Amino acid sequence: AFGHVARVGDCFCGGGSVPFEAARLGLEAYGSDLNPVAVLLTWGAIHLIGGGREVQEAVRHAQEEVWQKADAQITAWGIEHDGQGNRADAYLYCVEARCPATGLWVPLAPSWVISEKYRVVARLRRNDARQGYDIDIITGASDTEMATARKGTVQDSSMVDPEDPSRRYPIASLRGDRRGPNGETIYGLRLWENEDLVPRPGDVFQERLYCVRWVTPQGERIYKAVTDADLTREAKVLTLLKERFADWQKKGYIPSMKIPDGGDKTEEPRRTRGWTYWHHLFNPRQLLVHGVLMEGMGGVTEKASSIIALGRVLNWNSKICGWIPARDMPDQTFNNQALNTMYSYSTRGLNLVSNLYNKDVSNQGYFSNDVAILPLDARDVSYTADLWITDPPYADAVNYHELADFFLAWYEKHLPRLFPDWYASSRAALAVRGADEDFKKSMVDIYRNLAAHMPDDGLQLVMFTHQDAGVWADLGMILWAAGLRVTAAWTIGTETSSGLKQGNYVQGTVC
């Protein structure tokens, strides 16, 4: 139709589906996004998955080499082995806080069920000598024990006193939150500093390891309560991390970025835990394992692949990863589009990270090299495409510019070395968001720019998902103001009907 191989572009490329499929079809492709994390994913899709067997083999070999080095190091340290042939593959932690009535440190969790299949539960046992509770692990629990364990010590945002479950204390009051003179909320927690890797003794919330899952040489998984030997290994992990902390931050092996103030999503860790740096969202064991993996990265392509692989690990191995008793496995950080802190969370041992880090990207063929991938504000795009395919920000969209910093904090020192033409900031101030006049003006500027960078016989496909009729009216005005006209519209069903879904939810995307 265009008299030449079609040029396809997406200036909100996200994970890169549009340029990926265009390149796979042999078309010229362009992808850009304001956030460099999205651009890195797009680059990886094109150049690693579509890089051909030679590139894929080099990446596989490099990742295996990094993995073997990390495994050898962790084995030598002895931080995952019990000396009896067993190796830990999962660790369960919980937050503790003092009960106002008893003065005891109460372990906090919404449920103490660990495994539904094997009927494993944690049971609190008062220990006045430690001014708190020991935590026993029971396998093969009775129906009564299972029912009791499902009633955790955190219910409806309140601590439940184990001595008298009728006594409940709002978590906000434990934190010391209060009203300011103008009615604003003043949050009570101490704000962590860069060097804080664990809570300080005087902090409201402490953290403790309460269960370890061991794998025997025969492959059997066993849940056990924490022993003195486990605590000794935890202390060694912290010591090893402290010895490397400053150097690893300088080299970018662990984050040094602060969490931005005032974000809709980034305020949650600060408010609920006092965390102010991105590395506070990871415990010492997670930071040590991730740092070892980062330390072993190789050449340019291999290093880019390694930090993408680490991104998968980060999503499934942070202090925001809960534990799924129905599946006997850790949950992911972004099981929703937020940074919700957890009262109990899971940590993966190195072997449980393996399937995340060592991903097979082979057998995808080789894509055309005629692909441009850049981090760029959509208003500054200068590429001319025959077909623009875009899924733009919505009026009250998810704050991806905030959430992506979770990953960017680990990438920021490496991206400029790997891609000198890229920037390594989320550029949140430029993100298109909201529903006011600024949002509409930004969208008009973007689509006017795209219209100026397409031929007279060019086309644009705009995908939009929203339930608010006012937003649809705004979209129509935005496209018309940009100099475009709608020639067709159709709906794609993007949500399946399910008895689990109730209420008013989006069921389709209009193209």
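In what sense do β3 and strand β17 pair, and over how many bridges? In this model, which is a predicted one, β3 and β17, the latter covering residues 344–348, pair in the antiparallel sense over 5 bridges, and within that pairing Cys 94 stands opposite Ser 344.

Let me stay with β3 for a moment. The strand spans residues 87–98 and is mostly covered, with 11 of its 12 residues buried. Strand β13, residues 206–215, is joined to β3 by 9 bridges and runs antiparallel to it; here Ala 90 is the residue that stands opposite Arg 213. Strand β4, residues 105–108, also pairs with β3 in the antiparallel sense, over 4 bridges, and Val 106 in β4 is the bridge partner of Ala 97. β3 and β4 form a hairpin with 6 residues between them, and in the turn Gly 103 has a positive phi of about 80°.

There is also an open sheet of 3 strands, in the order β8-β9-β10, with antiparallel pairing. Because β8 (154–155) and β10 (168–170) stand at the edges with a single partner strand each, one side of each is left without a neighbour in the sheet. On the β8 side, 2 bridges join β8 to β9, residues 158–160, and Gln 155 stands opposite Ser 158.

Turning to the aromatic residues, a search of the whole structure finds 16 aromatic pairs. One of them is formed by Trp 192 and Trp 275, an edge-to-face arrangement with 6.2 Å centre to centre and 75° between the planes. This pair links distant parts of the chain, since Trp 192 lies in the loop between β12 and β13, Trp 275 lies in the loop between α7 and α8, and the two are 83 residues apart. Are these two tryptophans buried or exposed? Trp 192 has a relative accessible area of 6%, so it counts as buried, and Trp 275, at 2% relative accessibility, is likewise buried. Elsewhere, ring pairs link Trp 278, Phe 282, Phe 334, Phe 406, Phe 407 and Trp 410 into a cluster.

The charged end of Arg 7 sits over the ring of Tyr 383, 4.2 Å from its centre, while that of Arg 273 sits over the ring of Phe 205, at 5.2 Å from the ring centre.

At the surface, Met 477, Trp 480 and Val 486 form a nonpolar patch with about 360 Å² of accessible area together. Trp 480 is found in helix α15, residues 469–481, and is exposed, with a relative accessible area of 54%.

Finally, the salt bridges, of which the count comes to 36. Glu 57 and Arg 60 meet through their side chains at 2.7 Å, N to O; they are 3 residues apart in helix α3, and therefore separated by about one helical turn. Glu 57 is partly exposed at 43% relative accessibility, as is Arg 60 at 45%. In helix α6, Lys 251 and Asp 247 are 4 residues apart, again about one helical turn, and their side chains form a salt bridge of 3.3 Å, N to O. The bridge between Asp 134 and Arg 130, at 3.5 Å, N to O, involves a buried residue, Asp 134, with a relative accessible area of 17%, whereas Arg 130 is partly exposed at 40%. Last, Arg 190, Glu 193, Asp 196, Arg 200 and Asp 203 are linked in a network of salt bridges.

Notes
Residues are numbered from 1 along each chain as its sequence is written. This is a predicted model: local features need pLDDT of at least 70, side-chain atom pairs count only at pLDDT 80 or more; totals for chains, interfaces and linings use all residues. Side-chain values use heavy atoms; hydrogens and water are left out. Buried means under 20% relative accessible area, exposed over 50%, partly exposed in between (1.4 Å probe, protein chains only). Two strands pair if DSSP finds at least two bridges between them. Rings of Phe, Tyr and Trp (its six-membered ring) pair if their centres lie within 6.5 Å; planes under 30 degrees apart count as stacked, over 60 as edge-to-face and the rest as tilted. A charge sits over a ring if NZ of Lys or CZ of Arg is within 6 Å of the ring centre and within 35 degrees of the ring normal. Patches are made of residues with over 30% relative accessible area and no salt bridge: like charges are joined within 9 Å, nonpolar side chains (Val, Leu, Ile, Met, Phe, Trp, Tyr) within 5 Å. Accessible areas come from the Shrake-Rupley method with a 1.4 Å probe; for residues, only the protein chains shown count as cover. A salt bridge is a side-chain nitrogen of Lys or Arg within 4 Å of a carboxyl oxygen of Asp or Glu.
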